[in-house]
Amino acid sequence: MRNERIKIPRIILIMLLLCCLANEAFPASRKAARNSYDIIIAGAGTGGISAAIQAARMGASVLVVEPSTWIGGQATAAGVSTMDDMSRQKSGLYRELISRLQNYYDYRGKSMGTCYWTPNSVAFEPHIGQEALVNLINEARRKGTIDFLMNSEITNVNKNKNTITGVTVRTFEGSDKRYACKILIDATEYGDMIPLSKIPYRAGNSVSPFLNPDAMVQEITWVAVLHKYMPSVPDHLKPREPLPGYELAKRNYESYVSADGFNFRNTYPVQTPVNFMTHNAYRGLPDSMNPYSYDADKDNREYITKTTVNWGNDYPGTYAWNGKRGLPVGYLEDRNLRKQIEREALIKTLHFIYYVQNELGEEWSVADDEYKNRILPEAARDLPAEWQEIVKRMPVIPYVRESRRIVGEHTLTSHELLQNSLSYRDGQTSHEFSDAIAIGGYILDLHGANTDSDMEWDLDERSNSSIINRPRGPFQVPMNILIPKDTDGFIAAEKNLSMSRLAQGALRLQPITMMTGQAAGALAAVAVREKKEPREVHPLKVQWELLNSGVNLSLCNYTDVPETHSLNKAIQISNLYGLIAPKEYPHSVSFNLGVYDDPVWEMAIIKGEDKGEFGVNELVTTLNVREILTKAQRALKMKKRPVPSGLDKDKLMARGELARVVCEAFPTLKNIPRKKGAKLPFKIEANRNSDYVTTLAALGVLNVYSIEENFYYGRPVTKGEAVDIIVRACILAAEEI
């Protein structure tokens with residue numbers, strides 16, 4: 001047979017490409033099934049995926065547009081699967097994800113405590129993390145719609161005056177298609193939707209449209225996942241020749257890791273260079289291919305067989321950029337410069353793999369069970385074939401630490417984070433954000449671009465603010481930093497919130513971006529459901545959805561109201577809005593967020609100082625109820641109303657009377673239609689207050705009494721019952737105001 005050039009029709013090429021994509025890392029991907037969605041999410045990272053899952057669970061239709069072939073962003077696609085979690089608590093989707101991963105590794109007898117030189121850490125393999133996210137997505141699809149356009153990118157944002165109406169997407173086969181939406185969520189790694197939406201934003205220490213060309217942002221890192229091969233590294237994973245620039249990289253890595261380097265001895269700062277075993281325990285991962293288990297305890301570090309390279313390979317790092325640590329804002333603004341920088345960051349990490357094999361003499365290379373990329377990232381274009389074999393098994397995107405940030409209704413600063421984190425610590429009481437939608441915990445961590453000249457002086461930030469304003473415990477994120485100042489139909493997620501550079505340094509990590517992403521999804525879904533703009537949605541509505549989704553929002557915990565208590569959610573709302581003081585506040589000491597095994601915090605837990613006492617079963621008086629109602633009306637920003645009758649004398653509050661005063665305090669409740677087929681939770685006998693009781697019972701406001709057969713009008717009301725009833729009434733009233 002003659003050798004002939006075979007012409008393949010374009011449609012067949014596209015089908016072949018689709019088959020390749022179907023075998024990529026995200027098997028749940030599918031084409032957009034419609035032209036209009038309630039919510040479009042740009043970016044399938046930690047924030048974008050959490051937003052999609054939460055919104056779909058609430059019945060919304062969602063389209064996620066992701067430029068890469070992986071979901072999970074920094075936690076999986078970028079390979080940073082050692083969780084930077086210093087909050088000492090987990091909730092919401094982040095807890096769901098970690099719980100599923102814990103089950104996976106427990107079943108195989110493996111520890112997740114493999115990083116940061118402590119078994120109290122949390123780490124997982126990127127491909128296992130992505131599988132868990134895929135399962136969460138598929139379960140959410142039972143309640144709402146989640147469609148994906150992978151390897152695709154939004155190229156234009158459509159607006160009607162000041163309102164987002166849709167987007168134009170460049171799909172992987174190169175075609176452009178328009179999609180309509182009610183809400184656009186920017187969960188990209190760079191904040192790329194912000195300029196497309198013509199929203200004012202911060203980049204470095206300047207604000208658009210007057211961006212400072214000399215402004216700097218944090219360094220990036222192209223992570224690698226390494227595996228120990230026994231007895232030796234396969235030939236195809238052991239490049240023969242170094243890439244250009246290796247000698248400079250070698251000198252850099254010798255200052256971090258050497259064959260005769262130091263062991264980590266549980267003291268900070270870390271003495272460098274460290275030995276390779278200590279390096280591996282810093283970002284160690286569990287290893288599904290290893291039949292044995294290990295953790296990051298000092299006695300087990302030598303047995304670690306899988307780790308990530310995320311130390312000493314920041315770019316530019318010690319190389320500097322025009323003599324400065326960090327990157328220019330052009331990295332965010334100029335796509336060509338972004339490509340150049342990401343290629344150099346990738347090559348810097350490839351140098352480390354060569355250094356490990358040839359200078360340290362270690363039988364380690366990229367893990368063969370993690371990334372099996374059929375489509376190489378653009379940064380790997382034109383690399384020698386032997387190095388492309390390596391890149392095929394590396395994360396598909398770099399670890400981007402700093403993005404554009406919207407100018408929102410409020411700009412969160414590091415000082416506010418400090419004050420908020422001092423709630424209930426060192427003798428202080430509440431500095432909680434009433435509109436809190438997430439809790440995180442991390443230091444004010446900047447990789448480069450951390451000099452005085454890099455800071456936002458207009459926000460009173462300086463280089464030493466990272467020390468002075470370092471959070472002293474977990475902190476909250478307020479809802480108003482998700483919403484741009486002058487644009488409707490838009491919500492920020494991921495690292496793109498309205499905050500200072502230092503605040504972003506604490507809010508950019510995987511656990512908190514998952515939590516703020518979940519909140520963005522809840523806010524978007526409520527806005528769609530109520531046909532309102534995000535800025536018009538009362539935080540109470542979003543907070544209640546999040547609390548019902550297992551998210552913790554208050555920094556105040558009580559011994560008599562554990563998380564599993566039926567009144568816990570309403571009492572968290574009471575804390576946020578200061579509806580009534582508890583019997584005793586927690587009085588914990590501050591602890592060091594930078595240390596995973598802080599003995600001060602551990603002793604505070606042993607002594608019970610981390611929890612107060614609410615007094616959930618104490619009886620309340622009419623004056624107590626008057627106080628709660630007054631503060632609840634203030635939280636709803638209601639016009640001042642006459643105080644319901646009967647609340648001017650200090651006597652025990654009865655159930656029937658409480659129903660009456662709640663209806664009088666929130667008169668719009670009687671206008672809310674009763675759900676079709678709804679049954680009352682208990683029998684209601686004739687009484688002067690029976691109409692009020694019937695109204696509230698039909699709306700679910702009196703669910704605290706649903707376990708009782710009858711409603712007992714004259715029984716006294718407990719503190720917990722009063723808070724639960726009034727909070728539920730507030731949430732319904734918020735929709736009508």
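Which residues of α19 are buried? The close-ups below come from a predicted model, and the first one takes up this question.

**View 1. Helix α19 and its buried residues.** Thr622, Val625, Ile628, Leu629, Ala632, Gln633 and Ala635 are the buried residues of α19. They lie on the same side of α19, because the arc they cover around the axis is only 155°. As a reminder, an α-helix has 3.6 residues a turn, so residues three or four places apart point the same way.

**View 2. Helix α19 from end to end, with Lys637 after the helix.** This helix takes in residues 622-635, which makes 14 residues. Following α19 you will find Lys637, with a positive phi near 55°.

**View 3. The hairpin of β4 and β5.** Strand β4 covers residues 153-160 and strand β5 covers residues 163-170; the two pair in the antiparallel sense over 7 bridges. To get your bearings, look for Glu153, which has Arg170 of β5 opposite. Between the strands are 2 residues, and Lys161 in this turn has a positive phi of about 60°.

**View 4. An open sheet of 3 strands.** The order is β8-β7-β17, and the pairing is antiparallel. At the edges stand β8 (206-207) and β17 (405-406); each has a single partner strand, so one side of each is left without a neighbour in the sheet. Strand β7 (residues 201-203) runs antiparallel to β17 and is joined to β17 by 2 bridges. For a landmark here, find Arg202 and its bridge partner in β17, Arg405.

How values were computed
Residues are numbered from 1 along each chain as its sequence is written. This is a predicted model: local features need pLDDT of at least 70, side-chain atom pairs count only at pLDDT 80 or more; totals for chains, interfaces and linings use all residues. Side-chain values use heavy atoms; hydrogens and water are left out. Helices (H or I, at least four residues) and strands (E, at least two) are DSSP runs, numbered from the N terminus. The expected span of a helix is 1.5 Å times one less than its number of residues. Buried means under 20% relative accessible area, exposed over 50%, partly exposed in between (1.4 Å probe, protein chains only). The arc is that of the directions from the helix axis to the C-beta atoms. Two strands pair if DSSP finds at least two bridges between them.
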